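Subject: Structure handover

Hi,

Here is the structure I promised to pass on. Please open it first, then read my notes below.

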Amino acid sequence: ILTSATATNIKKQADIISKHDKLLLEADKEKTRANLLRAVSHDLRTPLTSIIGSSASYLENADSLSESEKRVLIQHIYEDSNWLLHMVENLLSITRIHEGGARVTKSLEPFEEVLSEAVQRLKKRIPDAQINVSFPDEFYMIPMDPLLIEQVIINLLENAVRHSQSTHPVDCFLTSDKDSLTFHVRDYGVGIDPERLPHIFDGENCRRGKDSSPDSRRGMGIGLSICKTIITAHGGSITACNHGNGAEVSFTLPKEEHNNGKQSKSSSD
């Protein structure tokens, strides 16, 4: 009788814990949705307003505008359209994770190749971006969804390029230990406002520096919120800090267990 009663109590406690965990998961999802909604309302509305304003100016004043003025308006429309496309890619990425119950399909991928592809895509988007990439003497096979991790890298690099307000190149490099691989993005600019630093991954419109204008055309909060969601779904972690000459954001991914994800780099690499 005692054993049966104990087993029954343990089962009830397990059910209670399971329900509690489900409630916490749902609460976290609702918080993420709310944060994304706030970010989307600002970060998508601002470029849309700019596109409408530039196109209206072009249509209403086409006869009186010079060719250089027309080109400036079209350039603004082009840049803001690209930004909107980037935001849609981010939203699709996070929706993909939520539909899968915050799980991702992983495969062993060479991190170096994922990083190279991300840098190439960023250079197409921002041709003038200056990025210094440092590769270690070994290459690492990491279990990941390569498209999602590539999106994270692009977000972090683009934030560093656009928001650091620096003319110095952005450094990105890898460090590792026995169980994990860490990717660092370090810029040499204005840094992140210390008051906003603890909330920078919450999906809020977190901008660089205390003197950043509230009318700045593009925010960075939604991208960092999505980065956190993707890295967390991979079983990793993401952090941000200020160093002496700017800001650094890094994320950590667990290595493959049976070989720690590390292989010797061949001479052909």
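Ile-131 has its bridge partner in strand E4: Val-170. This is in a predicted model, so please read everything below as computed. The pairing behind that bridge joins E2 to E4, which spans residues 170-176. The two strands run in the parallel sense, over 4 bridges.

Now the whole sheet. E2 and E4 belong to an open sheet of 5 strands. The order is E2-E4-E5-E7-E6, and the pairing is mixed. E2 (131-134) and E6 (237-243) are the edge strands. Each has a single partner strand, so one side of each has no neighbour in the sheet. On average, neighbouring strands are turned by 20 degrees against each other, direction ignored.

Next, the helix on this sheet. H5 covers residues 146-163 and lies across E2, E4, E5 (180-186), E6 and E7 (246-254). H5 runs at about 170 degrees to E7.

How many of the 18 residues of H5 are buried? The count is 14, so the helix is largely enclosed by the rest of the structure. Buried here means under 20% relative accessible area.

From its first C-alpha to its last, H5 reaches 25 Å. That is close to the 26 Å expected for its 18 residues at 1.5 Å a residue.

Both ends of H5 are worth a look. At the start, Asp-145 places a side-chain oxygen within 3.1 Å of the backbone nitrogen of Leu-147. Just after the helix, Gln-165 takes a positive phi of about 55 degrees.

Best wishes

Methods:
Residues numbered from 1 in each chain as written. Predicted model: local features only at pLDDT ≥ 70, side-chain atom pairs only at ≥ 80, totals over all residues. Heavy atoms only, no water. Pairing = 2+ DSSP bridges. Axes fitted to C-alpha atoms, helices over the stretch in contact; angles between N-to-C directions. Contact = heavy atoms within 4.5 Å. Expected span 1.5 Å × (residues − 1). Buried < 20%, exposed > 50% of the residue type's maximum accessible area, 1.4 Å probe, protein only. Polar contact = N/O pair within 3.5 Å; in protein donor to acceptor, adjacent residues only side chain to side chain.
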